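Biologist: Could you take me through one part of this model closely, and then show me how the rest of the chain is laid out around it? I'd be glad of the cut-offs as you go.

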Amino acid sequence: MKRALVPLLIIMLLLPFASFAAAECPSEGHTVVLKAPAVSRTASGELIGVATDFVITVAPGTGHVYVETWPLAEVDMQASARLAAQIAGKVLGVDMSKYDVFIQIKADSPIIGGPSAGGTMTVGIIAALEGWKVNPKVMMTGMINPDGTIGPVGGILEKASAAHDVGAELFLIPQGQRIQYVQETQKKEIGGIVEINTRTKRVDVVDYAKERWGLTVIEIKDIYDAVYYFTGHKIPRPEAPAYIKIDTSFLKDDALKDYENTTAYYQVTLEKLKKSDVNYATYTTLMEALNEAQAVLNQSKKSLDDGRYYTTMSKNFQARIIIRHVDWYLGVKSEEDVQRILRTTGSEINASERRVSNIAIRGTTMLQAVAAAEERVEQAKSLLDEAWKYYYNGDYWDAVGDAAYAYERAKTAVFWANLGERFATGDVIDRDVVKATARDYIDESNLIVTYIESMYGTVGGDLSQSIQQAEQYYEDGKYSAALFTAMEARVRAQVFLDTLGIDNETVLRDKLTGMKEGAKAAIAMAQSQGITPVLAIAYYEFAESYEQSAEENGSMDDLQTAMIFYQYARETANLFLSKPAQSVPAANTTATDVPQIVIPTQSPRETSTDTSSDSTGKIPETAIILIAVGAFLVGAAVGKKL
């Protein structure tokens with residue numbers, strides 16, 4: 001009897017592993033093999049290009065994505081692989097919950113992996129789903145973004161070299177990245193003293209690769225371009241409406257009332273200051289603050305007259321923070337007064353949180369507005385925490401200042417919640433939808449930030465802190481706040497990569513134009529699905545106001561801030577969109593033929609990939625490789641948004 005039980009016991013112990021074993025060894029499906037370039041770090045710290053092999057299999061399954069790397073990559077690729085599978089399903093109109101994806105990545109040395117292979121993995125998954133062959137002479141580098149566009153990466157020159165070394169004839173790179181910057185170090189010995197000079201040199205990758213290796217380099221915009229170059233098959237690209245008008249007229253009445261109330265508050269506080277008994281130094285400081293508020297209100301009035309209603313409200317918001325700071329500080333006679341202010345602020349935040357958390361979300365438009373509201377509640381909490389720290393350190397001025405900021409931020413959370421209810425339509429949306437989206441954004445954003453730090457050190461500034469904050473929000477169940485915090489970190493990281501080393505205003509304006517068009521197209525796509533992306537429209541207008549300011553004042557900070565908010569607009573417009581393109585038959589090739597490399601003549605709609613060639617010729621060779629780093633981190637904080 002005992003002998004009979006032994007085999008049965010063994011079988012029972014193995015049963016839990018049966019499905020995993022089956023998943024590891026798919027007996028059906030399609031496999032695609034591609035090569036992709038990556039970078040590796042030598043013992044001396046130098047970055048070099050290396051080729052990696054991707055073996056991608058898609059088989060019937062339950063929606064899992066398995067990734068194996070050999071040797072281990074310096075940056076985990078799991079998040080990028082998951083996103084690649086999602087985008088592949090969205091592009092083809094395929095339910096990926098019915099498939100398992102297996103990705104094996106092999107390289108000769110440890111690589112800095114991560115997001116730069118996202119585009120390649122997406123192409124491979126699409127090809128495997130359709131049973132299409134891929135051309136082994138084609139390689140690419142580039143992130144895959146949630147909307148299917150190909151995002152910027154680092155190490156373009158090193159990767160081009162790796163592509164040439166393994167026999168590639170066509171190398172695809174993200175749009176706008178053909179111009180790269182390298183640092184050249186020259187040593188000169190004068191009288192026994194070694195002088196080392198480093199200069200930054202501009203390199204056109206397209207020309208350089210063709211001249212040196214005969215390698216054709218092409219900039220691509222999105223996954224639709226990439227699939228065509230790899231397979232010869234054309235998947236129809238979702239087309240945004242040819243004409244779109246983006247305005248914030250739905251905020252007109254709110255903006256007018258808000259301006260009137262803020263202006264009245266300014267007048268009351270001004271009179272209160274004049275009648276106060278504060279000493280000369282305090283009076284001067286507070287009057288300077290109110291003068292600053294008045295200047296911001298003048299900007300608000302101009303925006304109101306120009307029909308930029310979200311910008312009007314954002315300027316009012318900035319002014320009110322200053323006015324409230326002065327108003328409250330005038331009432332501070334003791335530390336008990338500061339405590340009272342902080343407790344009042346806490347009560348306002350708690351009321352705002354109750355208002356936001358008890359809303360039943362109906363429709364995607366309302367979902368976006370409520371997500372923005374929840375993020376603002378969490379920001380208010382953080383500001384109040386800082387205010388208490390200042391208080392305990394005896395810094396009452398900054399304590400009141402942060403409390404004023406927190407109070408006004410909590411008010412804006414209620415505004416967004418109310419705005420969301422205006423657009424409530426359809427069935428109630430479960431907050432688990434936000435939770436799942438937040439998890440994806442946190443993982444992908446963390447991947448990009450880690451990738452940047454692996455290649456460029458900690459030049460990303462507070463990006464890692466933003467990811468940590470997003471993780472904390474997620475752990476606390478504040479999924480909307482987690483989502484938007486991670487999204488904003490992702491945007492700043494991508495803008496950093498896309499503008500690394502560029503200090504030429506003409507080139508930056510060209511990139512800004514591309515970002516603006518991308519935001520406009522994303523908003524149009526959302527509207528075509530019956531969604532009013534109120535937050536994206538608001539950010540788009542806010543970016544326009546900074547773009548106009550940059551033109552009038554020649555401010556690089558304003559230009560950089562505009563770029564960031566255009567990218568915010570694009571990302572938020574794409575949130576929660578689900579309608580995919582329809583799968584189509586293969587075009588002009590068969591699944592058994594290796595597609596030929598075809599470089600088609602671009603249509604007028606696609607000529608934007610050549611923009612960099614013309615405009616970047618004006619870049620001086622003295623451009624400093626990291627000038628954009630600090631500027632963009634500063635730009636991200638400029639102009640508090642409503």
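Modeller: Happy to! Ser549 has its place in helix α17; helices here are DSSP runs of H or I with at least four residues, strands are runs of E with at least two, and both are numbered from the N terminus. This is a predicted model, in which local features need pLDDT of at least 70 and side-chain atom pairs count only at pLDDT 80 or more, while totals for chains, interfaces and linings use all residues. Residues are numbered from 1 along each chain as its sequence is written, and side-chain values use heavy atoms, with hydrogens and water left out.

Ser549 is buried, at a relative accessible area of 16%; buried means under 20%, exposed over 50% and partly exposed in between, with a 1.4 Å probe and protein chains only. Leaving out residues up to four places away in sequence, Ser549 touches Gly554 and Asp558, where contact means heavy atoms within 4.5 Å. With Asp558 there is also a side-chain to side-chain polar contact of 2.6 Å. (A polar contact is a pair of N or O atoms within 3.5 Å; within protein, one must be able to donate a hydrogen and the other to accept it, and residues adjacent in sequence count only if both atoms are side-chain atoms.) Ala562 is 13 residues from Ser549 along the chain, and their C-alpha atoms are separated by 9.4 Å.

Now the helix itself. Helix α17 covers residues 534-553, and its end C-alpha atoms are 29 Å apart, which agrees with the 28 Å that its 20 residues should span at 1.5 Å a residue; the expected span is 1.5 Å times one less than the number of residues. Because 15 of the 20 residues of α17 are buried, the helix is largely enclosed by the rest of the structure. Just after α17, Gly554 takes a positive phi of about 65 degrees.

Not counting residues up to four places away in sequence, Tyr566 touches Leu512, Met515, Lys516, Ala519, Tyr540, Ala543, Glu544 and Glu547. Tyr566 is also among the residues that touch the most other members of the largest nonpolar core, which has 112 residues. Such a core is a set of buried Ala, Val, Leu, Ile, Met, Phe, Trp, Tyr and Cys residues joined through side-chain atoms within 4.5 Å. Apart from that core lies another, of 50 residues, including Phe54 and Ala117.

A polar atom of the Thr269 side chain lies 2.9 Å from the backbone oxygen of Tyr265. Beyond four places in sequence, Thr269 touches Leu290, Ile323, Val326, Asp327 and Leu330.

Elsewhere, strands β2 (residues 47-60) and β4 (residues 99-107) pair in the antiparallel sense over nine bridges; pairing needs at least two DSSP bridges. Ile103 in β4 is the bridge partner of Ile56, and Val67 stands opposite Ile103 too. Strand β3 (residues 65-70) runs parallel to β4, joined by six bridges. In the loop between β3 and α2 lies Pro71, and the peptide bond from Trp70 to Pro71 is cis, with omega near -10 degrees.

Stepping back, the chain has 20 helices and 11 strands, and 53% of its 642 residues count as buried.
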